[in-house]
Amino acid sequence: MSVKTVYLLAILLSMTAIMAATFIPDTERSDTTLTRIETAAAPIRKDSVASVKAFASVYKVLMSPRCMNCHPSGDIPLQGDDNHLHTMAPRRGSDGKGLYAMKCANCHQPTNSPGLHTPPGNPDWHLPPATMRMVFQGRTPHQLAKQLVDPKQNGNKTMEKLLEHADDGLVLAGWNPGEGRSLPPLSHDEFKKAWTTWIKTGAYAPLNGKLLQH
Ligand code: HEC
Ligand code: HEC
C-alpha cells in the first residue's frame, strides 16, 4: 500500500467513526420510544432524516396561533395571532374546562359564534388538563418532539392514539377558526401527512441545531 492509500483509508475510517458517533445517541434515545410504540399494529420504519424533516412541518403548525393558543406555558389560554393572554383570564382548572364561574363552555358554544372577536366554538372546547398540560409555547423542536412521545407527559398515549389525534375535533377546529382568524401554515391534509410520517419513521427529535445535545 502506498502512503497515499494509507492516508486515504485513515481519513475514511475516521469519517465513518465520526458519523457513527453522531447517530448513536439519537438512536438510543428513540429506542425507548420505539419499544413502546412498535408493539402497535402500524409498522415503524426507522429513518431519522425523514422523521426530523417531517417534524419541521409538524412544528410549524403546532406553534401557529390556532394551536398554541390552547397550549400555553401558563394556566391562562391565549388569544389572537400575537398569542396575548385571554381577556378576563379564564383559568385551566384541574380538568382544563375552566375554574369556578369561568367555564370555557359558558362562552365557547358547540359551533363558532358569528361575527368578529366572538368565541370560536366546539362541543369539547377546553385546555389540556392540569395533569397533562401539553405545553407548546416556548418549546424548542427538540423539547416538543420528546414531550409528545413521552408517556409520562402525553397521558400514556400509544402510537395509535397519537396517530388518531391528527383527526381530533379540537385539531380540526384549527382549520375552522371562526371569522377573521388566520389558518395554520399547512393544510390539514399536509399536517396529517407530516404527523404520520414523523411517527411512522420513528418519532425522532431534532437536535436543536447542536449535535449530540439531549
Ligand atoms: C380548544 C383548545 C385546543 C385547541 C384549539 C387545540 N388543542 Fe391540541 N389539545 C387540546 C387538549 C384538551 C389536548 C389534550 C387531549 C387529551 O386529553 O388527551 C390537546 C392535545 C394535543 C396534542 C397531544 C397529543 C394528544 O393526543 O394529547 C397534540 C399533538 C395537539 N393537541 C395538537 C393540536 C394542533 C395541531 C392544534 C391546531 C391545529 C391544536 N392541538 C389545537 C386542546 C386544544
Ligand atoms: C367570558 C367568556 C369566555 C370564557 C369563560 C372563555 N372564553 Fe375563550 N374566548 C372568548 C372570546 C370572546 C374569544 C374571542 C376573542 C377575540 O377573538 O378577540 C375567545 C377566544 C379564545 C381563544 C382564541 C382562539 C384562537 O384561535 O386564537 C382560545 C384559545 C380560548 N378562547 C380558550 C378558552 C378556554 C380554554 C377557556 C376556558 C379555560 C375559555 N376560552 C373561556 C370568551 C371566553
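## Close-up views of a predicted model

**Overview. The chain as a whole.** Buried residues account for 24% of the 214 residues in the chain. The model is predicted. Eight helices and four strands make up the secondary structure. Read from the N terminus, the order is α-α-α-β-β-β-β-α-α-α-α-α. Take the contacts between residues at least 6 apart in sequence: 63% of them join residues at least 24 apart.

**View 1. The shell around ligand 1.** Ligand 1 is surrounded by 24 residues. Cys67, Cys70, Pro128, His165 and Gly174 are the closest. Which element gives the largest share of the shell around ligand 1? That is α7, with three residues. By class, the shell around ligand 1 holds 14 nonpolar, seven polar and three charged residues.

**View 2. The shell around ligand 2.** Here too the ligand is surrounded by 24 residues. The closest to ligand 2 are Pro77, Pro90, Cys104, Cys107 and His117. Helices α3 and α4 each supply at least two residues of the shell. The largest share comes from α4, which gives three residues. The shell around ligand 2 divides into twelve nonpolar, ten polar and two charged residues.

View 3. The 15 residues of α2 should span 21 Å at 1.5 Å a residue. The end C-alpha atoms of α2 lie 20 Å apart, which agrees. Which residues of α2 are buried? They are Ser51, Val52, Ala54, Phe55, Val58, Tyr59, Val61 and Leu62. The cover over these buried residues includes α3, α5 and α8.

View 4. Val52 lies in helix α2. Is Val52 buried or exposed? Val52 has 20 C-beta neighbours inside 10 Å. The cut-off for buried is 20 or more, so Val52 counts as buried. Leaving aside residues up to four places away in sequence, Val52 touches Tyr204 and Pro206. Val52 and Tyr204 are 152 residues apart in sequence. In space, their C-alpha atoms are 5.9 Å apart.

**View 5. The packing of α2 on α5.** The two helices pack at an angle of about 90 degrees. Their axes are 11 Å apart. Angles of 65 to 115 degrees count as roughly perpendicular, and α2 and α5 are therefore roughly perpendicular to each other. From α2, the contact uses Phe55, Tyr59 and Leu62. From α5, the partners are Pro141, Leu144 and Ala145. What classes do the residues of the contact of α2 with α5 divide into? Six are nonpolar, with no polar and no charged residues.

View 6. Helix α8 covers residues 188–200, 13 residues in total. At 1.5 Å a residue, α8 should span 18 Å. The end C-alpha atoms of α8 are 18 Å apart, which agrees. The buried residues of α8 are Phe191, Ala194, Trp195, Trp198, Ile199 and Lys200. These buried residues pack against α2 and α6. Just after α8, Gly202 takes a positive phi of about 120 degrees.

**View 7. Met134 in a loop.** Most residues other than glycine have a negative phi. Met134 has a positive value, near 45 degrees, and is not a glycine. Met134 sits in the loop between α4 (104–107) and α5 (141–149). How many other C-beta atoms lie within 10 Å of Met134? There are 17. Buried needs 20 or more and exposed needs 12 or fewer, so Met134 is partly exposed.

**View 8. Asn156 in a loop.** Asn156 is not a glycine, yet its phi is positive, at about 60 degrees. Where does Asn156 lie? Asn156 is in the loop between α5 and α6. Inside 10 Å, Asn156 has 11 C-beta neighbours. The cut-off for exposed is 12 or fewer, so Asn156 counts as exposed.

How values were computed: Residues numbered from 1 in each chain as written. Chains lettered and ligands numbered in written order. Predicted model: local features only at pLDDT ≥ 70, side-chain atom pairs only at ≥ 80, totals over all residues. Near = placed C-beta within 6 Å. Nonpolar A, V, L, I, M, F, W, Y, C, P; charged D, E, K, R; others polar. Contact = placed C-beta atoms within 7 Å. Axes fitted to C-alpha atoms, helices over the stretch in contact; angles between N-to-C directions. Parallel < 35°, antiparallel > 145°, perpendicular 65-115°, else oblique. Expected span 1.5 Å × (residues − 1).
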